[in-house]
Amino acid sequence: QEAYLRSFYHTSGIERLVFTFVVSVLISTFLGTLCALLIALRNSDFVTPGIAGFVLSYSIVIVLRSPAVLFSSANMERLMGSVQRIIEYVHLEPEGFHQHHVVAVS
């Protein structure tokens with residue numbers, strides 16, 4: 001059981017590290033693209049400084065909340081896999097050995 005706990009701890013750590021790197025890259029790409037788009041459209045009548053500030057402030061709020069949402073959904077998906085296995089085991093037909101060989105206990 002100690003080996004299982006150790007492997008679970010290391011797997012969780014590696015998963016968290018990879019998840020953090022992936023989310024960081026996606027977030028920085030999203031914000032960089034948004035800023036480049038706002039800079040490119042700054043001379044148009046559509047993008048005013050107020051709208052640009054509004055878009056950036058709300059995008060930062062979304063970006064700050066997205067890692068927690070993604071991590072929670074990944075954990076829920078992992079836990080639902082075990083629920084699916086339990087449901088499959090409940091509906092599994094018993095093996096032939098247990099049906100035909102009844103051992104009498106004296």
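Because the model is predicted, local features need pLDDT of at least 70 and side-chain atom pairs count only at pLDDT 80 or more, while totals for chains, interfaces and linings use all residues. Residues are numbered from 1 along each chain as its sequence is written, and side-chain values use heavy atoms, with hydrogens and water left out.

**Overall layout**

The protein chain holds three helices and zero strands, in the order α-α-α along the sequence. Helices (H or I, at least four residues) and strands (E, at least two) are DSSP runs numbered from the N terminus. Of the 106 residues, 8% count as buried; buried means under 20% relative accessible area, exposed over 50%, and partly exposed in between, with a 1.4 Å probe and protein chains only. The accessible surface of the chain is about 9,300 Å², and carbon and sulfur atoms account for 70% of this area. Areas come from the Shrake-Rupley method with a 1.4 Å probe, and for residues only the protein chains shown count as cover.

The table compares end-to-end C-alpha distances with the expected span, defined as 1.5 Å times one less than the number of residues.

| Helix | Residues | C-alpha span | Expected span |
|---|---|---|---|
| Helix 1 | 39 residues | 57 Å | 57 Å |

Helix 1 covers residues 2-40, and helix 2 covers residues 49-90. In helix 2 a kink of about 30° lies at Ser-66, shortly before the proline Pro-67. The bend at a residue is the angle between axes fitted to the seven residues ending there and the seven starting there.

**Buried residues**

In helix 1 the buried residues are Val-23, Ile-27, Leu-34 and Leu-38, and helix 2 is among the elements that cover them. In helix 2 they are Ala-52, Ser-59 and Val-63, and their cover includes helix 1. Ser-59 has a relative accessible area of 4% and is therefore buried. Leaving aside neighbours within four places in sequence, Ser-59 is in contact (heavy atoms within 4.5 Å) with Phe-30, Leu-31 and Leu-34.

**Surface features**

Ile-14, Val-18, Val-22 and Leu-26 make a nonpolar surface patch of about 380 Å². Patches are made of residues with over 30% relative accessible area and no salt bridge; like charges are joined within 9 Å, and nonpolar side chains (Val, Leu, Ile, Met, Phe, Trp, Tyr) within 5 Å. Val-22 lies in helix 1 and counts as partly exposed because its relative accessibility is 44%.

A salt bridge is a side-chain nitrogen of Lys or Arg within 4 Å of a carboxyl oxygen of Asp or Glu, and the count by this rule is one. It joins the side chains of Arg-6 and Glu-2, at 2.8 Å from N to O. Arg-6 and Glu-2 are four residues apart in helix 1, so about one helical turn separates them. Arg-6 is partly exposed at 46% relative accessibility, whereas Glu-2 is exposed at 57%.
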